[in-house]
Each structure stands twice: as structure tokens, then as C-alpha cells.
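Here's a quick briefing for anyone meeting this structure for the first time. Have a look, then read on.

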Amino acid sequence: MPQGHAHHGLGTAAAAPAAEAPWTNGEVRKIDTAAGKLTLRHDDMPHLGMMGMTMVFKAADPALLQGLTVGQAVRFKAQREGGQLTLTAIERR
Ligand SMILES: [Cu+2]
């Protein structure tokens, strides 16, 4: 589904659901399958107003964490949901 202006500016709580987050490159640092969380070092994420850093993401679906290994180069999609950054897609790079 096409979206016009999805993400605008910094820190705006855009209520727009899922869909059109861009891919961001990163590297797996820690996997917490029990909590459904993943620590990634990520490149700049201008759509979220973030510079590159290492941080924790909550997986939208625990299945996203399956098959990942620490140190692996990945690309992923994340979006802000209720103040929390949520991982919506991830794949090897
Ligand atoms: Cu970050």
C-alpha cells in the first residue's frame, strides 16, 4: 500500500502503522529469545531521528529472532510503537 509522507521530523509520534520503514543495516549483539528482545548495533536511522548506536529492540514477532547469531550482519526494519522501538523485519546481509 502506498504511503505519502510516512515519517516526518524527529520525535513525532506518528501513529502510522507498520508498512514503510526503510531497511537499516546493523549487526547482532545479543539475542534474548525469552524476552523477545534483540540488541543491535545499527547505522543511522534518520526516519527515527537516531544516529548509529547499540540498543535493544523488541521483536514484533518472536519468530523474527530465530536463526540469528551474535556477530551476524543484518538489515532490519524498526518503528516506534507506544514509545518502544519495535523490530518488524530482519534478514541476513
Ligand atoms: Cu538507536
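Ala-78 touches Ala-21, Thr-24, Phe-57, Leu-85, Thr-86, Leu-87 and Thr-88, leaving aside residues up to four places away in sequence; touching here means that C-beta atoms, placed from the backbone, lie within 7 Å. Keep in mind that this is a predicted model: local features need pLDDT of at least 70, side-chain atom pairs count only at pLDDT 80 or more, and totals for chains, interfaces and linings use all residues. Residues are numbered from 1 along each chain as its sequence is written.

**The core**
- Ala-78 is also one of the 10 residues in the largest nonpolar core, along with others including Phe-57, Phe-76 and Ile-90.
- Such a core is a set of buried Ala, Val, Leu, Ile, Met, Phe, Trp, Tyr and Cys residues joined through C-beta atoms within 7 Å, where buried means 20 or more other C-beta atoms within 10 Å of a residue's own.
- E2, E3, E4 and E5 each give two or more residues to this core.

- Strands are DSSP runs (E, at least two residues) numbered from the N terminus, and two of them pair if DSSP finds at least two bridges between them.

**Who pairs with whom**
- E1 (residues 24–32) runs antiparallel to E2 (residues 37–42), with 6 bridges, and Glu-27 sits opposite Arg-41.
- E3 (residues 53–59) and E5 (residues 84–92) run parallel, joined by 2 bridges.
- E4 (residues 73–81) and E5 are antiparallel over 8 bridges, and they form a hairpin with 2 residues between them.

Key
Helix = DSSP H or I, 4+ residues; strand = E, 2+ residues; numbered from the N terminus. Buried ≥ 20, exposed ≤ 12 C-beta atoms within 10 Å, placed from the backbone. Contact = placed C-beta atoms within 7 Å.
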